[in-house]
Amino acid sequence: MIDVLLADYRNPVHAEAVVGLLDTYARDPAGGGTALAPEVLARLPDALASRPQAFSVLAYDGEQAVGLVNCIEGFSTFACRPLVNVHDVVVLSSHRGQRVAQRMFALVESEARARGACKLTLEVLSGNRSALNAYEREGFAGFQLDPAYGQALFLQKKL
């Protein structure tokens, strides 16, 4: 049976699960294929705990952490309300296809609604078909305002 819960970044068991699952994702080709730096692993739980706009959902199969969703609250100026960006989604390969992400997204949505959020957002690589299918099942769709201008693109500029 899969249990889902909001992570407590100050709880050592939860902190270890957050960094362990995130590092597993980072090592996967879909996450960039490179392990997280030791200083990131060491600092991440405290850094997240210091940000009230951050929250994470963990999924456990018994004592084993098998899933993670990291979220960061932003703000929609058009709605004048918070929004929640789903920043990382991780499900161990041993538990994929078992609707673990669906269970975690239910709690993410509940927490977002409790925070008064107007929407959930996320980014996904266009070649990650299984993730795209999972997100579409959860109601996510491409973003556009006026179809004449096309869909939004996610861009970055590293600093």
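Author: A residue is called buried when its relative accessible area is under 20%, exposed when that area is over 50%, and partly exposed in between. The model discussed here is predicted.

Reader: Under that scheme, is Glu-136 buried, exposed or partly exposed?

Author: Glu-136 has a relative accessible area of 46%, and therefore counts as partly exposed. Its salt-bridge partner is Arg-129, with the closest N and O atoms 3.7 Å apart. Arg-129, at 44% relative accessibility, is also partly exposed.

Reader: Why can such side chains pair?

Author: Side chains of opposite charge can pair when their charged atoms come close. In this structure there are six salt bridges. One of them joins the side chains of Asp-23 and Arg-27, at 2.7 Å from N to O.

Reader: How far apart are Asp-23 and Arg-27 along helix α1?

Author: The two residues are four apart in α1, which spans residues 12–27, so about one helical turn separates them. Asp-23 has 10% relative accessibility and is therefore buried.

Reader: How is the length of helix α3 to be read?

Author: A helix can be compared with the span expected at 1.5 Å a residue. Helix α3 comprises 15 residues, 100–114, and extends 22 Å from first to last C-alpha, close to the expected 21 Å.

Reader: Which residues of α3 are buried?

Author: They are Val-100, Ala-101, Met-104, Phe-105, Val-108, Glu-111 and Ala-112. Viewed down the helix axis, these buried residues fall within an arc of 125°, so they line one face of α3. They pack against several elements, including β3 (64–76), β4 (81–91) and α4 (129–137). On the other side of the helix, Arg-113 and Ala-114 are exposed.

Reader: Glu-111 is charged; with which residues is it linked by salt bridges?

Author: Glu-111 belongs to a network of salt bridges with Glu-73 and Arg-115. Just after α3, Gly-116 adopts a positive phi of about 80°.

Reader: Which residues make the nonpolar surface patch?

Author: Phe-78, Phe-143 and Leu-145 make the patch, which covers about 410 Å². Phe-143 is located in the segment after α4 and, with 43% relative accessibility, counts as partly exposed.

Technical notes: Residues numbered from 1 in each chain as written. Predicted model: local features only at pLDDT ≥ 70, side-chain atom pairs only at ≥ 80, totals over all residues. Heavy atoms only, no water. Expected span 1.5 Å × (residues − 1). Buried < 20%, exposed > 50% of the residue type's maximum accessible area, 1.4 Å probe, protein only. Arc of directions from axis to C-beta. Contact = heavy atoms within 4.5 Å. Patch = residues over 30% accessible without salt bridge, like charges linked within 9 Å, V, L, I, M, F, W, Y side chains within 5 Å. Areas by Shrake-Rupley, 256 points an atom, 1.4 Å probe, with all protein chains shown as cover. Salt bridge = Lys/Arg side-chain N within 4 Å of Asp/Glu carboxyl O.
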